[in-house]
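I wished to look up the salt bridges and then the surroundings of the ligand.

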Amino acid sequence: QDSRKYTGIVEDCCCDYETVDAINGAVLHPLLQGLVTTPFFRYFKVKLWCDCPFWPDDGMCKLRDCSVCECPENEFPESFRRPPLGLPADDLKCQEGKPEAAVDRTLDSKVFRGWIEVDNPWTNDDETDNDEMTYVNLLLNPERYTGYTGPSARRIWDAVYSENCPKYASGEICQEKKVLYKLISGLHSSISIHIAADYLLDETKNLWGANPDLMYDRVLQYPDRVRNLYFTFLFVLRAVTKAKDYLEQAEYDTGNPEEDLKAQSLMRQLLYSPKLQAACPVPFDEAKLWKGQSGPELKQQIQKQFRNISAIMDCVGCEKCRLWGKLQVLGLGTALKILFSVDGEYRHHQHLQLQRNEVIALVNLLNRLSESIKLVQEMSPTFEKTIGELSLQP
Ligand code: FAD
């Protein structure tokens, strides 16, 4: 008997739940897991010392795991690096706790043919290189439980939801069926799933593992949160496939030919997967959105709301949460830029242009969502069985 809880077409999308699970498990998840370990995709440029424009008092963190390890033993790809004049190479070594002397934070975006600095109208951050930017090895900083909770975390989520759903009040669920709301809710589900999947089970023994009850309490018991996760996944997947030409031709050059070829090859396999094209050729139909007379105005309004959400990420009071918050919001902003700018403002003068960091964020976000979909698929039957057993008890 099929005990699937989620069947039919994912709301506002073009593929059904079963297909998403199948294609994710067989094709997307393995390819993405490979992609994010390549040197090109594992370093993310980010400004972590952020001045929160909204609540300057924030900055609480309970666990050591809140902080980001920026010190991957001086292992950045050579072409990401441009030593500052006059500094011996040894001084570029990371020194934890000394941010000003940490990693080589300068970079030369021109080393990448085809990668240029262009503004993303959907995000708040100025991506231009400056001394505050640093590279973080994402593999050394997994998104997981950090102990960041309480009023500080709640304040961020409340602000994010009230930004895109003005009637939202703390504790209430936003009822507005808006794309932006669904994207944020889907991302929120994914973050919660990763917290539950990699949880500190016993602090004294430093024992980490899955916490299925937490996953159920925060996500699985709310069908809307699961649906929004699938929606967000298909939305981002559509953006990746829509930017196919660009992503195929981009140079994934880090000075390590073997690894760079691997990145290029995995990217091609992802973009041209025959299974994906047969099962779900257009994961989301953006052409249907924001049509009509008020369309351009609505798009601008949503763009402004999203930029504010991006700015709120500077107030996340836990470094590691801020890293993943900023990365994933940039990834969503990149998906929005691809889906809603390509035929719009770029049409007249040029084609789509993406920054290297945007591509890194987009692919890492898709990987996170893909992991979450897989975890939901794996965990759901457990709970259905448990619920089934409970209902049989007298
Ligand atoms: P929260 O997750 O804080 O949710 C607050 C309220 O939002 C809920 O009560 C509910 O009303 C609503 N809500 C919850 N989920 C959804 C959804 N999917 N859709 C719609 N509404 C929803 N903690 C970590 O341990 N590790 C991290 O890496 C991490 N990253 C974070 C990144 C960001 C950007 C933020 C803002 C927080 C992060 N946190 C992280 C904190 C974490 O998300 C929770 O806020 C914290 O664990 C407290 O959880 P909670 O049960 O109070 O509910």
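Entry 1: I note that the model is a predicted one. Side chains of opposite charge can pair when their charged atoms come close.

**Entry 2: a second salt bridge.** I looked up glutamate 143, whose side chain meets that of arginine 368 in a salt bridge (3.3 Å, N to O). This pair also links distant parts of the chain, 225 residues apart: glutamate 143 is in the loop between strand S2 (133-137) and H3, and arginine 368 is in helix H12 (residues 356-392). Glutamate 143 is buried, with a relative accessible area of 7%, and arginine 368 counts as buried at 10% relative accessibility. I recorded that Glu143, Arg368 and Glu371 are linked in a network of salt bridges.

Entry 3: I found glutamate 286 and arginine 238 joined by a salt bridge between their side chains (2.9 Å, N to O). Glutamate 286 lies in the loop between helix H9 (274-279) and helix H10 (295-312), and arginine 238 lies in helix H6 (residues 223-242), so the pair ties together parts that are 48 residues apart in sequence. Glutamate 286 counts as buried at 8% relative accessibility, and arginine 238 counts as buried at 15%. How many salt bridges are there by this rule? The count comes to twelve.

**Entry 4: the ligand.** I turned to the 23 residues around the ligand, of which Arg144, Thr146, Arg154, Ser185 and His188 come nearest. An N or O atom in the side chain of arginine 154 is 2.8 Å from an oxygen atom of the ligand. Serine 185 has a polar side-chain atom 2.6 Å from a nitrogen atom of the ligand. The ligand on its own has 940 Å² of accessible area, and the protein covers 87% of it.

I also recorded the make-up of the shell around the ligand: twelve nonpolar, six polar and five charged residues. The largest share of this shell, six residues, comes from H4.

Terms used:
Residues are numbered from 1 along each chain as its sequence is written. This is a predicted model: local features need pLDDT of at least 70, side-chain atom pairs count only at pLDDT 80 or more; totals for chains, interfaces and linings use all residues. Side-chain values use heavy atoms; hydrogens and water are left out. A residue is near a molecule or strand if one of its heavy atoms lies within 4 Å of it. A polar contact is a pair of N or O atoms within 3.5 Å; within protein, one must be able to donate a hydrogen and the other to accept it, and residues adjacent in sequence count only if both atoms are side-chain atoms. Accessible areas come from the Shrake-Rupley method with a 1.4 Å probe; for residues, only the protein chains shown count as cover. Helices (H or I, at least four residues) and strands (E, at least two) are DSSP runs, numbered from the N terminus. Ala, Val, Leu, Ile, Met, Phe, Trp, Tyr, Cys and Pro count as nonpolar, Asp, Glu, Lys and Arg as charged, and the others, Gly among them, as polar. A salt bridge is a side-chain nitrogen of Lys or Arg within 4 Å of a carboxyl oxygen of Asp or Glu. Buried means under 20% relative accessible area, exposed over 50%, partly exposed in between (1.4 Å probe, protein chains only).
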